[in-house]
Amino acid sequence: AVHAWYHLVRDIISANTVGGHFLRQIRFRYETKTMDRVAAMLFLLAVIVTTAVLSLAFFSICPLFSTCITALLYVLFYFLANESSGVHHAQEFENRFWTIWSALLAVAIIYVPDSPVYFEDLGPYVGPMMVLTVGYGVHTWDRIVHRKEMNRQIPVGLRRGASAAQSLVRLNAMGGMSIEEQLNRISNCMKNIDQMLVPSTINNFINQQYVMRQEREIISIFEDAQPKALNYLIGHVKLGLIFYKIKDHRSYRGQHRTELIELLAVDRVSVLSIVSRVSLLSALQLMKLPANNRAEHWVRNIILSTHQDDLSELKTMNDSHMDYYCMTKLIYEDIRSETIRRDILDHFRKEAAVQNAHMEMGTRKSKLRMQKAWRKILSDVDDTLTSSGGSYPAGVDKRYPKKVVYPGVIGLYREMDLGINGPEKMPSNTGNLVFLSARPHLYKDISEKHNFAKFKKLREREGVDGRGGLHTTPSLLAGDITSGREFMMTNDFEPLARKKFDNFKKYVSIYPEFKHVFICDNGQGDVRAGELVHDSFPNHLDGLFVHVVQDMRKTYGFDAERWRKKGLTAKTCFFTSYPDAALFAATRTPPLIRMSGLFRVCQDAIIDFDIITKSQKWSSSSQKRDRMSDLNQSLWRCNQTLNKHGEPTVPLIESSRQWEDGEKVRTLYGIGTIRGFDPVFDLYDVELDWRLLDLQLREHNELEAKNTNKKDAESRGQLRPTSSKATDRSTAVLSTVVEEDESNYLSPSTSFETSKHSSKQSLPDQTLLSIPSAVEEEKSSMSSPTSNSHSRDEFSFDASVFERLDAVSPEPTLDETTGTMSTADDIGATKSKVTTSSSTDVPISVTTSISSHQSKRVSNGRVMAKIQGRFISRYTPPSLPKLHDKRSKLSFWGGESNKEKSDKPDLTKSRLFSAGDKVSTPYGQAVVVEHRHKSKIVVVDFIGWTSNLARAYIQESVIKREGSSFLGSILRSFSSAGDKPGSPVKK
C-alpha cells in the first residue's frame, strides 16, 4: 500500500494537471524556502491526506496492531499536551510513564498476531526478556537525560558579582574543615547515592540505611558551614541534582529533602547572597515545585526576604539562565497557589514603590540607581533580530537573506540597556533583554531550544572592543498553540497580538520598577500588541520601535489618526535600518541612548553587514547592492547628527570594484571607457563614445588588427611592446540619475513630502516605473538648437530633455548628493515620529562630481558620465544594422511596388506606435509624439516630469505599450497597418 501510494503521488506531481501543478509549487517553494501561506496550507493538506490514506491502508492490512499503535499514540499525545497534569509533577512520575509506555509498545510489536514482526515460536522467556530490556533501556536513557539537565549550574558570569570571600585562601583561613574537603565529601556522598545503572527507588529499598547516612552527612555539611563558606558551596555544587537525589523517606526522621531545603530556604536564607538565592530558586525549578508540598512556600520565603535593588537583581539574574526556567514561568506556571502568587506580586509592587520614592526624594540610593537605565528591552525575533527571508509563517521580509542578523540590531539592544548615565561599557552580569516570540511553546523546551541555541551563538560572536555579540544572556517568552493555530487557519493576527500582550502584561507585573521598550516589526501582529501595551501601561512603555518590513498600508492594527489621539505617535519610531532607530533614540526628548552610543551602533552595523558579506549569504549582487545603499543612507544621516554634536563619524560602506580604469564596457547609453570609480556610491566615471557606429566599428577593427600584428611580431621576437600615450580629449561632465529598486519603499525616517522637495529629479506621480538611469548635460552645452541639416531619421537628442535644473533642495538626501534619485511609496497620513536629517549642509565627500557650471560643449562625440555599476556590462564590439532588400513573406505590404517598399519600413520586424499612445519607458510614463520607423526611434513626451515639456528620442526596443498583451498587439497591428507612419491620431 505504501509503495502504491508513493507511485501515485509521484505520478500526480509529474502529470500536467492542476493537482500536479500545486504539488510542484509546494515542492519548489519548500526547496527554495520561500513558502507562503497558500503553499503551507496545501502542504499541510497533503500531509493530512497522506497520513489518512496510510492509516487506512494499515488498518486494512493489520487491524489489531494498528488499533494498539493508535491507542498508544493517543496516550502519548495526551501526555505531551497536558504539562499541568499530575504525571508531570515529579521527575520520578515522568520516568515511570516512559518506562511503562515503552514496555507496552514492545508488547504490541511482539505479541499482537498481525504485527509485522510477530513470531509464533519465541518461547516463554524470549518475549518477556525483550519487553523488559526495552523498558529498562528507556528508563535508563530518561534518567541519563534528566541527570544531564540537573547537572546544570549557574553561569560563571553571574557568580562574578558575589562576595570576594569566595577566595579559597580566605575561606580556608577561617579554620575547621577546608572548602576542598567539604566539596569532596559532598561529591563522594552523591556518588554513593546516585548509582548509574540502578534506579533510585530500588537502591533506596535495598540500601536504605546506607543511603540515609550519606544524605545526613550532606545535610550536616551545609548546616555547619560558615556563611561565606555556605555561599561558596551553593555556587559550586550541583544543587539541582542534590535536591533531586535526596529523597523524603517514609520514616519520620527520613524527610531529608524537606529538611535540607528548609535549612537553606528558611533557616539560613538571611546569610545567602543574591547569587546563592538565584541558585536556590533555579534548583527548586529543576526539581519541580509540585514534587514537594512545601516548595511553593520556600520560593515565597526566598523572594519576600529580598528587598529593593537586591530584589531587582535577583529577578534579573533568574532570567539569565539561557533556558526556559525564568521568573515568568516560576510565578505564573510553577506556582499554582493563587494566594502565594498574589503575595509575591504584591511584594514586587511594594518594593518598586520604595525604589521610586528614593528616586523622587534624591537619597544616596538614588544616586547609585541613576547609574543604570532601569529599562527592559523586549524584542521580537523573526524580522526584528534576524531576517525570515519571507518564509511563512516566520515573517515577510525578503530584503535580507534568511537567518542573518540585521546590521546594528545587537548594538541597539546594548545601548538601550546601557542608557545615558553610568559606564560606557556594559557590566557582564546585566540581563535586561527578553524576546517575545510568536512561536508556540511545546513540551518542556522543545521549541525554545532552537532560539536559545541561536542566542548562544550570538553571545559568543566576536567583534570590535568585545561588542560583537549579545551583551547579555536573554530570556524568552514564547507563544502558545492556540494563537498559532488560529493564525494559521484564519490568517488573523489578533490572536498573536493578544498573546504577546498577555506575555507583556505578566512581565510588567514582575518588573514594575522598570521602564520597557518594545522593538518589533510591522509584518504580523506586533504593532497591534504595542498599541495594547500603551493602552494598558502608558507609564511603563518608554518607546515603541517598529522595523518596517512591508508597506505601511499593510500593517495590521495601525491607524495614524487613532495613534495621534492616544499620544502613542510621540514615542513611536518607524525605521528600515537600525542606525535610524538609534538616531531617533539619541535625538528624542528625553534621549534613550548617548551620542557615543549612536556612534557605536553605526560601527556595529558596518561590522554586521561585513559579516553577511563574508558569509556569502546574499542571494544576488543586486540584493547586496540595494541593502548597502539603504544602510549607507542611514549611516549618512547619523553622521550628520554626530558631526553636529562634535562626535566622530563612521565611514560609509564601500562596494567592491568590478571594472578597472581604461577598460571598455557597455552601458545603457552606449559603449564607454572606465576613467574612475567611487566605491562609496558604486559610481563609475565612464567616457561615453557617442560617435557614429561606423566610426566606432572601423576603430575597433583597426585596433584588433593592430593587436594581432603586434602579438605576431612579439611571438617572432621582432617587436617589443611600447607604451602609448593617451590623447587628451575635451569631455563634458555629466550626471547620472538612478532610482532605487521598486522593492524599496520609503524609509519612515524621511517623510514623503520631504522626499518630494529634497530630490532634484523626484517624480510626483507614484505610478511611474523605475528609472534605472538618465544622462543630463549642462545648460550651456545644449543651448543651441538641433541642426536642421541632420535627417529626421538619424539618432538625435532634444536639448530640453537634458536641461539641468538650477534649484537646489534645502535638505539634500544622500541620493541627491551623489546624483541619484530616490522614489518611495507614501505610507499614508501617518503622523508617527520618524528620524530625519536635520542638517542642511551637504558634506564635501558626497557632493556631485560636476566641477563647475561653466558651459562645455561635447567634442569628438565623447562625453563623461557617472553611472552605477549595476547598469554596466562587459564590452561587446559594435555592429551596424543589416539592411534586407528581400521582402518578408509575412509582410502586410506585399502588394506594393519595389520602389514603394524601399521607401517604407519593414513593419513586420518593428513594433508600431501611433501618436497619442501611452507607453512605458525606462525613464517613466510618456505619450508618443512620432515614430520614426527607419531609424527605429520613438519621440515621446514624458508625463509628470517637473518641467512642462520633457521630450526624448528613445529606441523602440526599450519602449512598452501600456496594457499590452499578445491579442491586443495583433489587433493593433491590423488596425494600424493602413495608417501613415507618424500621422497623429484623430481625437
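Q: Leaving aside its neighbours within four places in sequence, with which residues is F222 in contact?
A: This is a predicted model, in which local features need pLDDT of at least 70, side-chain atom pairs count only at pLDDT 80 or more, and totals for chains, interfaces and linings use all residues. Residues are numbered from 1 along each chain as its sequence is written, and side-chain values use heavy atoms, with hydrogens and water left out. Contact means heavy atoms within 4.5 Å. Once neighbours within four places in sequence are set aside, F222 is in contact with I186, L230, L233, I234, V237, I242, L260, L263, L264 and R268.

Q: Which residues have the most contacts inside the largest nonpolar core?
A: A nonpolar core is a set of buried Ala, Val, Leu, Ile, Met, Phe, Trp, Tyr and Cys residues joined through side-chain atoms within 4.5 Å. Buried means under 20% relative accessible area, exposed over 50%, and partly exposed in between, with a 1.4 Å probe and protein chains only. In soluble globular proteins, nonpolar side chains tend to be buried together. The largest core here has 145 residues, and those with the most contacts inside it are F222, F243 and F545.

Q: Is R369 buried or exposed?
A: R369 is found in helix α20, which spans residues 364-369. Not counting residues up to four places away in sequence, R369 touches D309, Q355, M359 and W374. Its relative accessible area is 4%, so R369 is buried.

Q: What is the length of the polar contact that joins the side chains of R369 and D309?
A: A polar contact is a pair of N or O atoms within 3.5 Å; within protein, one must be able to donate a hydrogen and the other to accept it, and residues adjacent in sequence count only if both atoms are side-chain atoms. The side chains of R369 and D309 are joined by such a contact, at 3.1 Å.

Q: What is the phi of W374?
A: W374 is found in the loop between α20 and β1. At a relative accessible area of 13%, W374 is buried. Its phi is positive although the residue is other than glycine, with a value near 50 degrees.

Q: What is omega for the cis peptide bond from T589 to P590?
A: P590 is found in the loop between α27 (578-587) and α28 (595-614). The peptide bond from T589 to P590 is cis, and omega is near -5 degrees.

Q: How far apart in space are P877 and K664, C-alpha to C-alpha?
A: P877 lies in the loop between β13 (872-874) and α33 (898-903). Its relative accessibility is 48%, so P877 counts as partly exposed. P877 and K664 are 213 residues apart in sequence, whereas their C-alpha to C-alpha separation in space is 9.8 Å.

Q: What percentage of the residues of the protein chain count as buried?
A: The protein chain has 34 helices and 18 strands. Of its 987 residues, the share that count as buried is 48%.

Methods:
Helix = DSSP H or I, 4+ residues; strand = E, 2+ residues; numbered from the N terminus.
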